[in-house]
Amino acid sequence: MVTSGFIHLPSSITSLINMYSRCNQMEEAVLVFRDPYHERNVFAYNAIIAGFVANGLAADGFQFYKRMRSVGVMPDKFTFPCVVRACCEFMEVRKIHGCLFKMGLELNVFVGSALVNTYLKVDGTEDAEKVFEELPERDVVLWNAMINGYTKIGHLNKAVVVFKRMGEEGISLSRFTTTSILSILTSMGDINNGRAIHGIVTKMGYSSCVAVSNALIDMYGKCKHTEDALMIFEMINEKDLFSWNSIISAHEQCDDHDGTLRLFGKMLGSRVLPDVITITAVLPACSHLAALMHGREIHGYMIVNGLGKNENGDDVLLNNAIMDMYAKCGCMKNADIIFDLMRNKDVASWNIMIMGYAMHGYGTEALDMFHRMCEAQIKPDVVTFVGVLSACSHAGFVHQGRSFLTRMELEFGVIPTIEHYTCIIDMLGRAGHLGEAYDLAQRIPLEDNLILWMALLGACRLHGNAELGNVVGEKITQLEPKHCGSGSYILMSSLYGVVGRYEEALEVRRTMKEQNVKKTPGCSWIELKDGLYVFSMGDRTHHELNALINCLCGFGYFHDEVMHSF
DNA sequence: TTAGGGTTAG
């Protein structure tokens with residue numbers, strides 16, 4: 001570097017190329033490289049190749065390597081690690097590997113790590129293993145390359161074997177090793193070894209590294225230990241996008257939807273901006289809580305920041321998540337607009353629409369969507385038929401429902417699961433075909449399922465059939481004798497009440513008391529400007545409760561049981 | 001003067 005008054009300017013062509021590369025200005029870097037007053041020696045070639053590879057333009061980097069060879073500039077041990085990384089086909093790496101042998105560079109550990117990395121990427125596992133075993137000196141980067149390479153191609157067990165061997169050979173772990181192994185243990189759901197790595201990380205002083213903390217948050221989150229995840233998150237000084245996304249996902253994966261939205265709000269107040277991953281993690285929370293206002297805000301954020309598009313056109317996953325949010329919140333109009341605007345749709349996009357219409361009782365629209373899906377040559381899957389059958393159930397399309405149950409296997413090759421049978425039982429039961437529903441429930445060629453029998457018990461209550469209700473209730477007790485939830489007791493007691501058998505209704509309540517079965521209180525919620533309020537039966541905690549009750553009564557907002565409690 | 005490795009969704 002030379003000092004020119006008050007700024008420092010790079011003094012050589014390589015320094016200039018490096019500077020432009022680091023600023024992602026490859027066009028400028030090429031201009032410097034082509035400057036006729038400078039010699040294009042091995043240093044200059046190494047710098048330009050490294051620049052392209054580092055900026056994700058491997059093919060361009062490879063072209064410069066070819067030019068280098070054609071003009072007779074000899075590559076050296078600094079050229080090859082980049083060139084090897086730039087290869088994207090097996091035969092290309094093989095060819096370069098051949099050159100390395102000719103030049104006596106095949107045992108260089110830097111080149112070796114790049115070879116291991118690339119061979120594993122291009123389906124050359126055996127070659128990667130051979131390179132690894134034959135290297136006389138194996139440093140921590142090389143071990144990490146092997147572990148990561150195996151992980152990326154899904155060979156998690158092999159990655160763990162390498163990690164164990166690393167310990168046996170006395171290689172000290174780097175922070176890179178710990179993040180990788182944590183990610184592997186997370187995929188395997190191995191919380192015990194994960195905790196052990198957490199201990200090692202703390203001992204080695206890696207806790208201050210944000211990437212290591214993020215990997216720990218992800219592990220604890222995915223293993224449903226949200227409190228541990230939160231503790232690590234709070235300890236990070238400079239939280240980055242990974243930190244926020246990991247902690248938000250951790251809460252959503254544990255169905256803590258309130259927590260998800262609370263953290264998202266905090267994130268908006270930080271200097272880190274949400275991205276597509278944040279949005280896809282937060283939207284299901286809005287769907288579950290029917291928090292339409294938050295969902296709309298997120299949709300707005302997505303539009304303003306152009307997040308709905310990626311290099312392939314529409315970001316299908318994100319658009320599906322937005323559509324699902326609107327559908328679950330009952331806004332089928334908005335879901336439909338997004339659906340129509342999406343140029344790329346997948347089977348999930350169709351399923352979301354069918355499910356949404358079915359959930360809100362629009363049976364005709366759901367089936368119409370199904371027919372459009374078939375016309376568009378999209379193959380329906382297991383989820384599609386849950387939507388279709390649930391549409392038939394909610395709309396009372398008994399004849400069509402029966403027909404779909406047969407057709408789904410014969411015509412579309414989708415074998416009915418317990419969810420499909422539950423829809424059919426529910427449909428027959430609601431429509432009053434209790435005998436047929438019971439016969440079918442007994443004949444189902446799958447393991448007995450509590451929800452299915454509960455659906456039938458619900459139908460018995462609806463139609464006041466205490467005789468069949470008794471039989472079904474007995475079946476439910478057999479299925480879950482000890483852990484019988486409160487739901488079936490409540491249904492049974494309510495059923496006796498409906499048919500005027502009050503003594504038996506009281507008897508069921510007495511049994512519940514004896515067995516200490518508690519009823520989960522009925523609850524409802526309402527979204528106001530300052531947040532989401534959940535009301536349980538008998539709950540009088542909200543500070544503007546009376547005003548709220550007056551306001552909401554007119555809209556029929558509350559669940560019956562909550563209304564009775566006021 | 002220059003080189004190789006890590007964490008988040010679905």
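**Briefing: repeat spans and a helix pair in a predicted model**

Over residues 139-173, the chain is 74% helix and 0% strand, with its end C-alpha atoms 10 Å apart. The structure is a predicted model. Chain A has a mean pLDDT of 87, and 86% of its residues reach 70 or more.

**Annotated repeats**
- An unreviewed UniProt entry carries the annotation "repeat: PPR" for residues 41-75, 139-173, 240-274 and 346-380.

**Helices α9 and α11**
- Helix α9 comprises residues 140-152 and helix α11 residues 175-188; their axes come within 10 Å and cross at roughly 20°.
- Because angles under 35 degrees count as roughly parallel, α9 is roughly parallel to α11.
- The crossing of these two helices, α9 and α11, is left-handed.
- On the α9 side, the contact is made by V140, N144, I147, N148 and T151, while α11 contributes F176, T177, S180 and I184.
- Sorted by class, the contact of α9 with α11 has four nonpolar residues, five polar residues and no charged residues.

- Residues 1-9 have pLDDT under 50 throughout, and the model has nine contacts for them beyond four places in sequence.
- Residues 547-566 also stay under 50 in pLDDT, with 31 contacts in the model beyond four places in sequence.
- Where pLDDT is low, predicted coordinates should not be read in detail.

How values were computed. Residues are numbered from 1 along each chain as its sequence is written. Chains are lettered from A and ligands numbered from 1 in the order in which they are written. This is a predicted model: local features need pLDDT of at least 70, side-chain atom pairs count only at pLDDT 80 or more; totals for chains, interfaces and linings use all residues. Side-chain values use heavy atoms; hydrogens and water are left out. Axes are lines fitted to C-alpha atoms, for helices over the stretch in contact, and angles run from 0 to 180 degrees between N-to-C directions. Helices (H or I, at least four residues) and strands (E, at least two) are DSSP runs, numbered from the N terminus. Angles under 35 degrees count as roughly parallel, over 145 as roughly antiparallel, 65 to 115 as roughly perpendicular and the rest as oblique. A crossing is left-handed if the near helix is turned anticlockwise from the far one by less than a right angle, and right-handed if clockwise. Contact means heavy atoms within 4.5 Å. Ala, Val, Leu, Ile, Met, Phe, Trp, Tyr, Cys and Pro count as nonpolar, Asp, Glu, Lys and Arg as charged, and the others, Gly among them, as polar. pLDDT is the predictor's confidence in each residue, from 0 to 100. UniProt positions are given in the numbering used here, feature names are shortened, and annotations may be inferred rather than shown by experiment.
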